[in-house]
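Please look over the sequence and the structure shown here.

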Amino acid sequence: MKQPYLNLLLVTIGFVIVYIIATSVAFYTFFRTYIFYSHFGAIYPYFLVLAIIVVAFGGLMLYRMIKLRHSSLVILVAGIFLIGLSYFFGFLNFDPTGELNFRQTRLFQLQILFQTISVFAFFIHYELNLRSEPRPWITGGLASLLVPYSMLNIFYLITDNYSADPIFQQYETFSLALLQIGVIFLFSWLFHSSYKIALSLENYEPRVARLSHLQFIGISILFLGVILQLVEAFSPLNVWHTPLNVLAVLLIGVPYAVDPKVMLFAPVNIRMFGIVDSYGRTLYHKALDVEFKDPAEAATSELFGGLTLAFTNLGAEVAKSKTSVDSMKFADRSIILEFNYPYYMVVIADSSSFFLEREMAEYLSELKSLYPAPPEDGSIIPEEVFHKLNNTFFPVFLRK
């Protein structure tokens, strides 16, 4: 691990240790009495306050998503709302007397079910942030760990039947163990993915790098929280996880709220892109990486158009495919193509991602609404048009 992120991880570990010492040891009685069990009559607002914070933040994310016309954030926003709703069910299910078995209620089943779906949504978001589609083996493996206990949650919701049958109890214990293994695996994977994304943002302006640091810290807190749950299970230590989880969600979400497009598209490390018409004429060409900035820019631009036509003919003429090639991956980079007649958009990047391809399609759709076809009088589409489209859909293009 590179030194800046090792330092961030060490600082995060230090913060979590201080938090545990303060809330679970030094001021345990105060925290338990005046925060966790604080109440106004019969209302115990601990989980309610945390739920309001998360849902309000989810609302802010939803507003930013709509304002910036960036639907790729929908999975992350849904995950945040589900976390907030799970805490709200925790508030409704809160029993300060301890006389009832709070685990044997429909509210508890909803709480756990929503939490499970939310962490899976985070997984899908990060997977699509780095790839064109979720990898079947890792997605299927994770689902096989999370689904058994979720099915049990649904069964309890429908029947409200908490059977004492030994076989049923064994299934509950087994499925709970699978859930815990799945959560450990998921947050370990998120930690690794967030580190990769953070590294990819180091080449951008300092503000973007700082946002990536916040996200890395947030994922690190969630990862440490899983470790703390294991420690708690085998020790008398009582850790108040929920405030830490809320802080982590805020740290993960803030960078997307501030600068979502850069956070989503910088990891693919776009090196060059351009717009070509159906005749192979290059309408716009922009090199972002120094190795693509050929002094003979005009010649490079024409080669770019020729590459696009060759790309589209490859599927039909060579592979005998009914559809044209839409991507080609090499050892260290990919060529990604999106088509909306009469325009092609071609991106050369280190890798592709679902969000990148989705935004390319929206880019071309907006271009076509402005210019249904290239000018027929021999003039060109003004470069300012592409600059505005870049700023709307791919501001990361303008920051390298």
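The text below covers the chain as a whole, then a helix pair, a hairpin and one threonine.

**The chain and its confidence**

The model is predicted. The chain has 13 helices and 5 strands. Of its 400 residues, 48% are buried. Among contacts between residues at least 6 apart in sequence, 68% join residues at least 24 apart.

The mean pLDDT of the chain is 83, and 85% of the residues reach 70 or more. Confidence is highest in helix α4 and lowest in helix α11, as the table shows.

| Helix | Residues | Mean pLDDT |
|---|---|---|
| α4 | residues 74-92 | 94 |
| α11 | residues 297-318 | 59 |

Over residues 318-324 the pLDDT is below 50. Beyond near neighbours in sequence, this stretch has 7 contacts in the model.

**Helices α5 and α7**

A pair of packed helices is described by the angle between their axes and the distance between the axes. Helix α5 covers residues 106-130 and helix α7 covers residues 166-200. Their axes come within 10 Å and cross at roughly 30 degrees, and the crossing is left-handed.

Which residues of α5 and α7 make the contact? On the α5 side they are Thr 116, Val 119, Phe 120, Phe 122, Phe 123, Tyr 126, Glu 127, Asn 129 and Leu 130. On the α7 side they are Leu 179, Leu 186, Phe 187, Trp 189, Leu 190, Ser 193, Ser 194 and Ile 197. Sorted by class, the contact of α5 with α7 has 12 nonpolar, 4 polar and 1 charged residues.

**The hairpin of β1 and β2**

Strand β1 (residues 270-277) and strand β2 (residues 282-287) run antiparallel and are joined by 5 bridges. Phe 273 stands opposite Lys 286 in β2. The hairpin has 4 residues between the strands, and Gly 280 takes a positive phi near 90 degrees there.

**Thr 242**

Helix α9 spans residues 241-258 and contains Thr 242. Is Thr 242 buried or exposed? Thr 242 counts as buried because its relative accessibility is 13%, and the cut-off for buried is under 20%. Leaving aside neighbours within four places in sequence, Thr 242 is in contact with Tyr 46, Phe 47, Leu 50 and Tyr 87.

Note on methods. Residues are numbered from 1 along each chain as its sequence is written. This is a predicted model: local features need pLDDT of at least 70, side-chain atom pairs count only at pLDDT 80 or more; totals for chains, interfaces and linings use all residues. Side-chain values use heavy atoms; hydrogens and water are left out. Axes are lines fitted to C-alpha atoms, for helices over the stretch in contact, and angles run from 0 to 180 degrees between N-to-C directions. Helices (H or I, at least four residues) and strands (E, at least two) are DSSP runs, numbered from the N terminus. A crossing is left-handed if the near helix is turned anticlockwise from the far one by less than a right angle, and right-handed if clockwise. Contact means heavy atoms within 4.5 Å. Ala, Val, Leu, Ile, Met, Phe, Trp, Tyr, Cys and Pro count as nonpolar, Asp, Glu, Lys and Arg as charged, and the others, Gly among them, as polar. Two strands pair if DSSP finds at least two bridges between them. pLDDT is the predictor's confidence in each residue, from 0 to 100. Buried means under 20% relative accessible area, exposed over 50%, partly exposed in between (1.4 Å probe, protein chains only).
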